Amino acid sequence: MTSFTTYRRLFRINAATSLVILGLWFALGVNNVRAQAITEAFDNITTLPAAGWFTQNNSVPVGSTTWFQGNPAVFTAQAGATNSYIGGNFNATTGTNTISLWLLTPNRTFNNGDVVKFWTRNPTDNPFPDRLEVRLSTAGASTNVGTGSAGVGDFTTVLTTINPDLTVGGYPEVWTEFTITLSGLPAGGASGRIAFRYFVTGGGPTGDNSNYIGIDTFSYTPGSVAAPADAALDYNGDHKTDYVTVRNTGGGSGGQVTWFINLNGGGTQGVAWGVSTDFFVSGDFDGDGKDDVTVYRPSSPGNSNFYILNSATSTVTLINLGQTGDDPTIVGDYNGDGKDDAAVYRGGASAGQQSFWFYKTSAADVVHYVPWGLNGDFPNPGDFDGNGSADFQVQRNNGSGQGNFFTLLSTGAQAPVFTYGTSSDLLLPGDYDGDGKTDVCVARGSGGQIIWYYRRSTD
């Protein structure tokens with residue numbers, strides 16, 4: 001164990017240490033942020049792409065509108081500000097043609113028993129019938145919705161259709177909630193996306209069909225079977241944390257290390273990956289539901305790298321990020337696409353100086369950075385609002401030995417500051433109450449025992 005007083009969470013092997021247990025490393029605060037739950041109020045739809053949503057207009061020909069911020073002059077939102085819903089209308093195509101307007105959720109690993117909810121409606125006394133399909137793709141992060149107004153691409157499964165026969169009055173004219181419980185998926189789940197398809201034949205400005213629909217207050221909640229899907233250190237995708245040790249099998253400082261993985265459901269794996277001076281980080285970087293064996297090798301600026309052995313393809317991904325002194329244990333899903341992102345935290349250079357969070361969603365991606373925290377703070381990443389994207393949180397000594405927590409949500413909003421635990425506690429963020437949101441948790445030694453204290457997001 002090195003640099004514990006600096007990072008409190010980083011583990012690597014040095015010349016005097018031949019073995020490190022990653023289960024302990026996880027217990028001391030490594031936070032794999034792949035929260036499954038999604039909540040979306042559509043308060044500002046310009047932020048949807050950053051949160052992992054995707055839109056495409058396959059109408060032929062394409063009209064003057066795609067999905068847009070709700071218009072309260074037509075009707076007000078189901079909840080929140082009057083315009084806080086997403087809308088689509090007849091101008092998605094021209095003349096009299098077929099509308100095929102797609103809205104895709106972020107990528108998730110779906111399981112039987114997962115629940116999807118949303119609200120939708122038409123204008124009152126609507127004489128031009130509308131139709132909405134809800135479809136499912138199990139092709140991972142694919143955004144393939146086909147081509148042309150008839151294409152569906154990978155989204156071949158219809159979960160439900162509202163007003164399938166395009167009858168006048170067949171679409172609800174007041175806000176109505178629809179609930180879908182997923183079923184028929186393979187054991188172990190399937191990675192994919194859910195799609196809303198505003199699909200109207202004979203639509204358009206001169207058509208007899210299509211007018212205006214709104215969608216509001218969408219939520220996706222993992223069911224009881226899916227709840228363990230975000231288990232950290234899950235190397236075979238069975239939603240159970242596995243037992244992992246990393247041993248210096250090469251000998252000496254900088255010797256080759258081997259990851260010995262005892263699978264929770266039975267079986268073992270041995271993976272030679274990295275050297276003893278690396279930091280060992282684990283995350284699902286390819287979105288297949290399995291953690292990828294990964295090391296972080298710090299060096300001078302421009303030469304520090306994450307070396308990722310992708311479980312899906314056994315190929316190697318190298319992501320250049322950070323420098324010596326950075327904390328790489330903040331790996332998480334910062335853009336809500338269901339894949340972990342390489343990330344490092346860099347403390348301010350001196351007392352009172354700004355700290356920064358840096359992350360890259362792929363090897364080819366640009367470096368994103370978020371200023372949050374100050375010199376002396378400790379990062380405590382997690383999905384604290386349950387929207388599927390990692391948030392930025394730091395713990396800071398409030399001057400009395402207690403820990404103050406400062407949180408910047410992925411939406412850009414700052415959450416209220418709260419005090420919890422002491423500034424010398426270990427940080428162990430995780431979803432302890434199962435509501436899809438990360439809870440603040442600290443641990444401290446007392447009378448020869450380690451006691452865990454956690455602050456539930458539910459109450």
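In which strand does tyrosine 454 lie? Tyrosine 454 belongs to strand β31, a strand being a DSSP run of E with at least two residues, numbered from the N terminus. The model is predicted: local features need pLDDT of at least 70, side-chain atom pairs count only at pLDDT 80 or more, and totals for chains, interfaces and linings use all residues. Residues are numbered from 1 along each chain as its sequence is written, and side-chain values use heavy atoms, with hydrogens and water left out.

**View 1. Open sheet β29-β30-β31.** In this order, 3 strands form an open antiparallel sheet; two strands pair if DSSP finds at least two bridges between them. β29 (426-427) and β31 (449-455) are the edge strands, each with a single partner, so one side of each has no neighbour in the sheet. Between β29 and β30 (residues 440-446) there are 2 bridges. Leucine 426 is opposite alanine 443 in β30.

**View 2. Tyrosine 454.** The relative accessibility of tyrosine 454 is 39%, so this residue counts as partly exposed (buried means under 20% relative accessible area, exposed over 50%, partly exposed in between; 1.4 Å probe, protein chains only).

**View 3. Second largest pocket.** The lining comprises 24 residues, with Thr47, Ala51, Asn387, Ser410 and Thr411 nearest the centre. A pocket is an open set of points on a 1 Å grid over the protein atoms alone, where a 1.4 Å probe fits, with protein on both sides within 12 Å along at least five of seven lines; lining residues have an atom within 4 Å of a point. Strand β2 (residues 38-40) gives the most to this lining, with 3 residues.

Notes. Helix = DSSP H or I, 4+ residues; strand = E, 2+ residues; numbered from the N terminus.
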